[in-house]
Amino acid sequence: MRSLQALLLGAAGTVALATAAHADVTVAVAGPVTGQYAVFGEQMKRGAELAAKDLNAKGGIGGQKLQVQVGDDACDPKQAVAVANQLVNQGVVFVDGHFCSSSSIPASGVYHDEGVLEITPASTNPKLTEQGFNNVFRTCGRDDVQGTYAANYVVDHKLGDKVAIVQDQSQYGKGLADEFKKQLNKRGAKELSYEAVNQGDKDFSALITKLKSLGVQLIYYGGYHTEAGLMVRQAHDQGLDATLMSGDALVDQQFWSITGASGEGTLMTFAPDPRKLPTAAAVVKEFAAEGYNPEGYTLYTYAAMQVFVDAAAKAGSTKLDAVVKALHANTFDTVLGPIKFDEKGDVTDPKYVMYKWHDGKYDEISG
């Protein structure tokens with residue numbers, strides 16, 4: 001009888017293992033699907049879903065297929081925490097997100113407590129990976145690198161005589177502006193004005209009047225494309241002949257849709273255009289076949305999914321500790337090229353370049 005029971009238990013265990021081996025792996029992409037930054041949520045959703053499709057076609061993770069859930073945080077910190085808890089309750093083991101740093105940072109605490117891996121393709125605030133959490137990584141750079149690069153560019157190209165700094169009080173916007181200010185001052189240049197606006201503001205006439213009276217020639221803006229676009233358009237209408245420079249949150253055609261021709265000459269920092277990388281050529285072609293231009297953070301989101309799947313395969317598990325160990329021990333081939341992480345979860349050797357908006361498009365400029 002005991003032999004029979006042992007045999008039956010062994011058979012049951014074999015069936016359970018076989019079932020687990022063919023079960024789906026639940027993952028998620030989280031970002032602003034709705035709200036004024038939804039264009040970036042669309043980039044992320046497109047990137048994650050095509051990555052999952054392509055990776056599933058190659059066998060997924062040991063034969064297990066990826067099932068992608070979508071979380072909408074609308075770039076709101078409270079909603080991000082609610083979304084994080086919902087995804088945890090759905091059994092998600094990996095979150096490709098969030099977009100806004102103000103969402104990623106509070107959500108990361110939920111994922112840390114629940115043992116869920118988070119790889120953000122877009123949240124650049126240094127605090128995210130300075131918290132000491134072992135579950136947080138990013139495929140993008142950091143604002144202490146981006147802001148420093150922008151300030152050096154301003155000084156090296158002699159644009160720093162009459163600079164104003166404006167930020168939207170978000171963790172991303174203020175963080176980026178403060179890093180820019182820190183390096184600008186370190187290089188011996190001093191801003192004429194440091195101003196704060198609010199996310200969602202639509203009327204910048206009082207601010208523009210003040211900047212015009214100061215003779216400002218360059219506005220460095222820490223914030224997102226919607227407010228930046230309105231600021232540029234209103235500055236043009238009020239006769240303020242100043243160039244706006246900002247960060248990676250302007251990397252979408254919607255910026256030009258807001259500014260029209262008044263956006264001519266706007267400067268922004270971003271990594272070298274991932275769409276032009278040889279490692280991304282096949283995926284860019286896939287997107288083109290769907291009639292979609294994978295600009296901005298689309299390919300960064302795709303790469304985050306690649307990294308997770310490769311790390312889980314190398315670890316032989318989707319459990320957090322095993323995957324984290326693999327993430328730190330390996331270099332991963334992605335659409336962005338090879339990715340390696342440091343001890344904090346940041347990519348090693350991130351690079352930024354300057355772009356200029358011209359005739360409705362943005363292109364890298366030399367120097």
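Which residues in α2 meet which residues in α11?

Reply: The model is predicted: local features need pLDDT of at least 70, side-chain atom pairs count only at pLDDT 80 or more, and totals for chains, interfaces and linings use all residues. Residues are numbered from 1 along each chain as its sequence is written, and side-chain values use heavy atoms, with hydrogens and water left out.

From α2, the residues are Gln-43, Met-44, Arg-46, Gly-47, Ala-48, Leu-50, Ala-51, Ala-52, Asp-54 and Leu-55. They meet Thr-298, Thr-301, Tyr-302, Met-305, Gln-306 and Val-309 in α11. Contact means heavy atoms within 4.5 Å. Nine of the contact residues are nonpolar, five polar and two charged (Ala, Val, Leu, Ile, Met, Phe, Trp, Tyr, Cys and Pro are nonpolar; Asp, Glu, Lys and Arg charged; the others, Gly among them, polar).

Now the geometry. Helix α2 spans residues 38-57 and α11 residues 298-315. Helices are DSSP runs of H or I, at least four residues; strands are runs of E, at least two; both are numbered from the N terminus. The axes lie 7 Å apart, at about 40 degrees. Axes are fitted to C-alpha atoms, for helices over the stretch in contact, and angles run from 0 to 180 degrees between N-to-C directions.

Strands pair if DSSP finds at least two bridges between them. Three bridges join β4 (residues 117-120) to β5. Ile-119 stands opposite Phe-137 in β5.
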